[in-house]
Amino acid sequence: MHLPLGFRKDILVSPLLFSVLCCFSQANDTEFQQLTTFHTGSNPSSVAMADFNQDGQLDVVTANQGSNSVSVLLGNGDGSFQTAKNTPVGQSPDSLTVGDFNRDGKPDLAVTNLGSNTVSVLLGNGDGTFQPARNYTVATKPAFVVSADFNNDGRLDLAVVGGGELSVLIGRGDGTFFQKFASSGFSGSVLAVGDFTGDGRLDLASAFARSVLLSVGNGDGSFKRQTQVAQLGNVTIGPVLTTDTNRDGKLDLVAGTSKGIVVLLGNGRGKFRALPVFGPDAHLGGNRVCGPKRRRQARPHCRSQ
């Protein structure tokens with residue numbers, strides 16, 4: 001999980017500590033039993049989970065801006081974790097993604113480095129440790145990275161957004177990458193992946209200020225110009241997730257905002273319908289769902305919800 005800068009005050013990953021809430025069920029309500037803290041590197045900004053030592057238990061990894069490292073905390077299977085193992089990366093690591101980049105069955109990492117304008121790729125050894133990072137230059141101040149097969153060759157690629165640009169690194173399948181595409185004028189500091197148009201090609205959704213944007217994939221690792229698919233009033237949009245919330249076989253988007261959670265139901269053809277916002281302060285002052293631009297119209301057409 002990675003949150004934009006404006007949202008980090010609410011994250012359960014505080015400086016030097018990773019906090020875990022152990023849950024139990026009582027009657028029909030879910031409660032939290034206790035809060036346990038585990039040390040990581042300094043100022044963790046992003047967190048993910050995977051089985052890094054292949055023991056069948058989920059482990060935790062964090063990207064630590066303050067110590068230029070990633071921390072892996074191996075899970076014991078009972079909600080507790082072992083002492084963190086730290087691996088150096090670039091300057092001010094901000095976002096991370098997990099994937100098997102060299103197809104050896106062991107989870108690997110890719111981490112964006114705000115301070116060095118690079119992405120660090122760390123190949124996993126299968127025991128919770130990693131090989132030394134290999135760095136790739138990308139857009140200025142890379143803020144978010146996702147991994148997926150964007151060119152349909154069966155190998156994981158990387159998409160990185162930052163500084164108003166999108167960088168796409170094509171994977172060779174052996175843990176190395178080459179930069180094939182770079183697009184300027186790309187808005188957003190977070191990314192979500194999915195085939196939102198039903199053409200068998202992966203697309204990218206992003207959030208910028210009060211808008212949710214969609215960039216349709218061409219199937220070769222490049223993407224079309226962004227279009228606005230929703231606009232929310234009086235809020236700031238944070239993380240965006242891909243899921244099928246209504247189980248109709250069509251991908252939807254769930255976006256965190258400064259006033260609650262908004263669900264955008266996809267129609268499978270690249271358009272979305274916004275549901276009322278969920279949260280304690282859910283009045284947004286008018287949501288709008290945006291369609292394609294009309295002729296001689298400077299902005300996408302939006303209708304109020």
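**Entry 1: aromatic rings**

I began with the rings and found that Phe101, Tyr136 and Phe177 form one aromatic cluster. A reminder to myself: this is a predicted model. Next I looked up how many aromatic pairs the structure holds. The count is six.

Where do Phe150 and Phe223 lie? Phe150 is in the loop between S12 and strand S13 (157-162), while Phe223 is in the loop between strand S18 (211-215) and strand S19 (227-231). The pair therefore ties together parts that are 73 residues apart in sequence.

Phe223 comes out at 10% relative accessibility and counts as buried because the cut-off is under 20%.

Then I turned to another pair, Phe196 and Phe272. This pair is edge-to-face, with 5.8 Å from centre to centre and 65 degrees between the planes. I found Phe196 in the loop between S16 and strand S17 (203-208), and Phe272 in strand S23 (residues 272-274). Parts that are 76 residues apart in sequence are thus tied together by the pair. Phe196 counts as buried at 2% relative accessibility, and Phe272 counts as buried at 4%.

**Entry 2: nonpolar cores**

Here I asked which residues touch the most other members of the largest nonpolar core. They are Leu166, Leu191, Val240, Leu253 and Leu264, in a core of 34 residues. Setting aside neighbours within four places in sequence, I listed its contacts as Val212, Ala230, Asp252, Leu253, Phe272, Arg273 and Ala274. Phe272, then, is a contact of Leu264 and also a partner of Phe196 in an aromatic pair.

I wanted to know how much space lies in the second largest pocket. The value is about 360 Å³. It is lined by 23 residues, and those closest to its centre are Phe144, Leu191, Pro239, Val240 and Leu241. I was pleased to meet Leu191 and Val240 again, having noted them in the largest nonpolar core.

Which elements give two or more residues to the lining? I wrote down strand S4 (44-50), strand S8 (93-99), strand S12 (144-148), strand S16 (190-194), strand S20 (237-243) and strand S21 (252-257). Sorting the lining by class, I got 16 nonpolar residues, seven polar ones and no charged ones.

**Entry 3: two single residues**

I looked up Gly162 and found it in strand S13. Gly162 counts as buried, at 5% relative accessibility. Leaving aside neighbours within four places in sequence, Gly162 is in contact with Ala139, Thr140, Lys141, Pro142 and Ala143. Its C-alpha atom is 9.9 Å from that of Ser184, 22 residues away along the chain.

My last stop was Asp248, in the loop between S20 and S21. With a relative accessible area of 34%, Asp248 is partly exposed. Asp248 and Leu265 are 17 residues apart along the chain, and I noted 9.8 Å between their C-alpha atoms.

Technical notes
Residues numbered from 1 in each chain as written. Predicted model: local features only at pLDDT ≥ 70, side-chain atom pairs only at ≥ 80, totals over all residues. Heavy atoms only, no water. 1 Å grid on protein atoms, 1.4 Å probe; cavity = no way out; pocket = protein on both sides within 12 Å on 5 of 7 lines; lining within 4 Å. Points joined across faces, edges and corners; volume = space filled by probe spheres on them. Helix = DSSP H or I, 4+ residues; strand = E, 2+ residues; numbered from the N terminus. Nonpolar A, V, L, I, M, F, W, Y, C, P; charged D, E, K, R; others polar. Core = buried A, V, L, I, M, F, W, Y, C linked by side-chain atoms within 4.5 Å. Buried < 20%, exposed > 50% of the residue type's maximum accessible area, 1.4 Å probe, protein only. Contact = heavy atoms within 4.5 Å. Phe/Tyr/Trp six-rings, centres within 6.5 Å; stacked < 30°, edge-to-face > 60°.
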